[in-house]
Each structure stands twice: as structure tokens, then as C-alpha cells.
Amino acid sequence: LLGVRLPDPAKPEGTADIAPDTQDNVGPGGKGMSVAPGIEQLPIERFPKRFRTLRPGARGSDTDRIWRHGTGTFERASVAQGLMLHPDQADHGVVEPAETMNVEQYEQALAATASDWVIDEP
Amino acid sequence: MSLEQARPRFASNPAYLRCQRLLKQLQELMAAGEGESARADDIRDAMEETRSGLDPAESRRIEELSADLYMLTDEEIFQEVPAEQRALLPARVRDAFQARRYEEVLALLRANPEGLSPEMIAYVRGRCWSALRDYEAAAWFFDYAGKLRPSNPSFAALALDAVWKAGRQSDAVEQARTVIANLSTHPRVLFVAAQVLARWAQQQAKPTAAPDHARVVEAVARALERENALPEAHRIPSVTFLGRIDRARSLEQLGRKAEAREAHAGITRDYPTSSEAWILAGLFEIRMNDGQAEQYFKQAVELHTRHAWPYLYLAHRRLVNGQFQAVIDLCRSGIQHTADDEERARFYEWSAIARHALGDPDQTVRELFNTAVALDPLNILLRHNRDAFEKFVAAQHAGPPPEFEASPAPDSAEVMHALSASVAQEAQAA
């Protein structure tokens, strides 16, 4: 699913992608929807098990698909209206709000990119 | 020079350990056919959360471990290599293992070396993960090797030992008690179970520990009896030795001192060339305030023990008794057996005092004192002795002779701990 996990009291602490403030606002700061520079850099828990011939340690769900959004270098840049790519490690980054906005606006901004994503599986 | 502290890595990094445990939970869920469940997804989310605490090498090792763990469900996908290369793999595995290149061994095993049975691959994996100090992972593979070949007691023994070393002490103790309660347990597993329980009991208050000490005494006695019925080739003397030491210590903790003394005597009788046996017997006598300790340490020194402690003990005794030439000889030997700066400082200091007493040149004595101070600059007693000597020299030997203060005898409890760890390490290697 395209989107972010919001804090959920039923889920273990730390599993939310972004934490809205008391006014339900979110903003830049290194939190958001996780992305990787390429399929080789996906962590094993996100790499579907069905592709284990390529990554023998894969532990991802087989109901998951691997999606790609555009091509280009993995560096801080605007990726869509209201969204910024924020790489935080060589193999990981987040798509974060480009500026402070309501959490619903952020989710809508992410949803608006849906048609730009293509399945990119081995 | 950077003052920044090095970040703990791999099994010393809590994020790595957490990710590893989550991986095992996910592996178990997937093995149970629940890999697509909400619980599995929660674990995946939690794993992703730990990623920020891992560096690329740690992430890579988690991925490699994940690949290895597919072995436990017989789903491992081996790396494809040409047949002629595959035939060479066992020799490469052996060479890499002997050279202690454990990560290379693990990588080679992922190509399914020809002629290595699954239990042998699981066992070697356990040894490698253990050597990489990843005892949690080691325990999983030893346990699996034991399931594949229950008739080999070493697998169960190694698995139990790895659970303890992984820091899961309560689990290890529970398993050890179960193993001991089973009357058909193989002696090798009994010895390791007794060792786990003995280590546990040593950490507990005396009244709480007594039942476990009693279990250790009984288990080792049973293991020894059953071991006697085994062919010589099926015995591992270092494991037996350690078991007997555990029994002696537990007897002592139970207040059965005469039996403990007899146990130590039996060990020195049966392992007369083991300096550790003599040192441990000597340490027991020190705790009993018995003057016999000295003869045991002399025996260890005559065996050219690689442990410095008997030299320290005897040199200290000779110094107090004014046998200065003996002090010099013991210190000269003792220095060869320790890399510990504080211990080396003591040997140099006592040599200086002994040489001064024997009338050696001031320069010789000064150099020895200065070496000692350089090795242990915060030792107040040592500095006091060096200053007393310099004061005497400055007065051109006209004043009263320097009043040296002999440092206290080395702490036997500390030595006991270090020695037991050293013996246990040898038993594990065997």
C-alpha cells in the first residue's frame, strides 16, 4: 500500500513511519515513507521470499510487490508536489513532507503519486 | 586521536541482537506457514525499525544469517557453483576453518560443499557463529545438528553451552536441570549441564544455590560413572577435567570440605601434568587457610605453568620471608607468563626490592623500580617503595634502610575466575 504507518497504540512502539504533532501536522525532519535506492538495497524483510534465488536470505511477504518511482540519483530532491526525498543512509531514505502540512495533506500528496509508480520486479 | 567511543558491533550491538531475534521469530512464523500473517508483518516492521542501528556490515550479516536459517526448514537455496569447484569446497572449508577465517567458512558452506552432511554443515555453522561471538545463532545451528543426529552428544552439549553464552541464563539453567533430571543423558551433556548449573549457582546467594550445587555434585558423579563405561576414544579429558573441578567447587560451596579436598586431590592425582589442577587445588587450600597451598603452587611452577599467578604467590611469600634470590628467580620466570601490566609491575618491583637487599648496584635497582612504575603508574604502594629507595640513595646509604611495604598477596578469587574461564575455553575447543 502506498502510504505511511501512523502511530497505533495496538502496534509495537517505534513502528510508525511518521509522528504528527498535537495539531496533526507533519513536516520535514527525516520521517516519512521508507524507500531504497534500488531493489538490491531493499532490506530482506521487504524483499519477497519468492525471489529467493536472487537473495537467498529474503524474508519479505509474497503478497508484497516491488515498486519503482522514476530513475535518477539517490539524493535529496523534490520528488513530487509537496514531497521531498530525504536519504538518511546509503541504502535507505524517506519521502517526507517538503514543508509543514496536515497529515491528511501529506497522505494525499503520497496518494497523488500512485500513477507514477511502476512494478519493477526481477 | 578521536575521543569518540567505538560503537558496539554485531553481537555487542543491542540493535543487531534485536534484529537477529526478530529474524528468528519471523523464521519460526514462516516455518509454521504464517509468513503472511499480521504478526509476521509486525515483525517485519520492527525489523525495519532496527535498521537505523545497524551499519552495512551488520545488515549484510543479518541477511547471511537469514539465508543460513532456511536450513532449519530444509528450504536453503545454495549458491550455484560448477561441479569441479564444488568438489574442492570441503578442503577450502577445512583450510579456512583452521585459519580461523570464519566468515569465509560460512560463505563457502552456502555453496553446499560436496560430501558434507547437513548435520556437519549445521555443526560447522554453529562453530563459526560461535567463534564470531554470535552465540544465539550458534545455539540454533547446534540445536539443529542435534535434531538431525541425536546420537551425537556433542551437538546437544554445544547447544546448551551456546544458550548460556548468549546470555539466556534462565533458559540455559532450565535446560540444564532438565538434562540432569534425565537419567539416560550422555555423560558429555551431563558435564556441560553441570557446568552451566555450577556457573549459575556461583552467582547466587548460598542458601538459594545449595540445591543446584547438590545437583552439580550428583550429575558429575553420574557422568563420571557412565563415562567410565565408554571407550577411551569417546571421552574428552578436558571436559571431564572441568566437570570434576565443578564438582569440587560445588562440594566446597555445600560445606563438604573434606570431600572437596579429596576431589581436588583426585584431580591432581589423575591429571598430574595439568598445572591448572595444582593451582586450583592451591587456591582451595588458601580459602581453607591451609599452609599446604604453597606446595601446590610449587608443583605448578615446576610444570612451567603458563599462568603467572603461582609465580606471584610464591615470589610474594619468598619476599616476606627474606629469600631474595628465590624472589629474583621467580620474578624472572613470572614476567615471561603475563602480559598484564599490573602483574608485570609487581614482578619488577619485587625484583628491585630483592636486588637491593642482596646489595646489587643502585642503578640496577632504580631501573627495575622505574620499569615497574611505568607499567603501573597509579600504584601508590609501588611509588612509595621507589621513593623510599631513592631517599636512601640520596642520603648516600647513610640513613636508615628503606622501609619497603610488601603489597598484599594477589586476590585468589580473581585468579579463580580467570583460571576457570581459561580451562572452560580449552574444554570448548576440545
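A polar contact is a pair of N or O atoms within 3.5 Å; within protein, one of the two must be able to donate a hydrogen and the other to accept it. In the predicted model described here, a contact of this kind is made by the side chain of B:Asp45 with the side chain of A:Arg46, at 2.7 Å.

B:Asp45 is part of helix 2 of chain B, which covers residues 38–50. With a relative accessibility of 11%, B:Asp45 is classed as buried, because the limit for that class is under 20%. Leaving aside residues up to four places away in sequence, B:Asp45 touches A:Arg5, A:Thr15 and A:Arg46. The side chains of A:Arg46 and B:Asp45 also meet in a salt bridge, with an N to O distance of 2.7 Å. A:Arg46 is located in the loop between strand 2 (33–35) and strand 3 (67–69) of chain A, whereas B:Asp45 belongs to helix 2 of chain B, so the pair joins two chains. In general terms, side chains of opposite charge can pair when their charged atoms come close.

A:Arg46 has a further partner in chain B. B:Glu48 forms a salt bridge with A:Arg46, and the closest N and O atoms of this pair are 2.7 Å apart. Across the interface of chain B and chain A, 6 salt bridges are found. Helix 1 (14–31), helix 2 and helix 3 (56–69) of chain B each supply at least two residues of the side of chain B that touches chain A. Of the elements of chain B, helix 2 gives the most to this side, with 8 residues. By residue class, the side of chain B that touches chain A divides into 11 nonpolar, 3 polar and 10 charged residues. Between the two chains, 15 residue pairs are in polar contact, counting pairs in which both residues have a pLDDT of 80 or more.

The extent of the interface was also computed. The size of an interface is often given as the accessible area lost when the parts come together. The contact takes 24 residues from chain B and 23 residues from chain A. About 2,200 Å² is buried between chain B and chain A, and carbon and sulfur atoms give 46% of this area. On the side of chain B, the residues that lose the most area to chain A are B:Glu48, B:Glu63 and B:Ile77, which together account for 26% of what that side buries.

Chain B contains 21 helices and 0 strands. Its C-alpha trace spans about 90 × 55 × 45 Å along the principal axes. Of the 430 residues in chain B, 49% are buried. Among contacts in chain B between residues at least 6 apart in sequence, 59% join residues at least 24 apart. The accessible surface of chain B comes to about 20,800 Å², and 51% of this surface belongs to carbon and sulfur atoms.

Over all chains, the structure holds 46 salt bridges. One of them lies within chain B, where B:Glu285 pairs with B:Arg261 and the closest N and O atoms are 2.9 Å apart. B:Glu285 lies in helix 14 (residues 275–287) and B:Arg261 in helix 13 (residues 257–270) of chain B, so this pair ties together parts that are 24 residues apart in sequence. B:Glu285 is buried, with a relative accessible area of 1%, whereas B:Arg261 is partly exposed, at 32%. Another salt bridge is formed by B:Arg355 with B:Asp360, with the closest N and O atoms 2.6 Å apart. B:Arg355 counts as partly exposed at 21% relative accessibility, and B:Asp360 counts as partly exposed at 22%. Salt bridges that share partners also join A:Arg5, A:Asp17, A:Arg46, B:Asp45 and B:Glu48 into one network.

A further site in chain A is A:Ala19, in the segment before strand 1 (25–26). A:Ala19 counts as exposed, because its relative accessibility is 58% and the limit for that class is over 50%. The C-alpha atoms of A:Ala19 and A:Arg5 are separated by 9.1 Å, and the two residues are 14 residues apart along the chain. Not counting residues up to four places away in sequence, A:Ala19 touches A:Pro7, A:Asn25 and A:Val26.

Technical notes:
Residues are numbered from 1 along each chain as its sequence is written. Chains are lettered from A and ligands numbered from 1 in the order in which they are written. This is a predicted model: local features need pLDDT of at least 70, side-chain atom pairs count only at pLDDT 80 or more; totals for chains, interfaces and linings use all residues. Side-chain values use heavy atoms; hydrogens and water are left out. Helices (H or I, at least four residues) and strands (E, at least two) are DSSP runs, numbered from the N terminus. Buried means under 20% relative accessible area, exposed over 50%, partly exposed in between (1.4 Å probe, protein chains only). Contact means heavy atoms within 4.5 Å. Buried area is the accessible area (1.4 Å probe) that two parts lose on being put together, summed over both. A salt bridge is a side-chain nitrogen of Lys or Arg within 4 Å of a carboxyl oxygen of Asp or Glu. Ala, Val, Leu, Ile, Met, Phe, Trp, Tyr, Cys and Pro count as nonpolar, Asp, Glu, Lys and Arg as charged, and the others, Gly among them, as polar. Accessible areas come from the Shrake-Rupley method with a 1.4 Å probe; for residues, only the protein chains shown count as cover.
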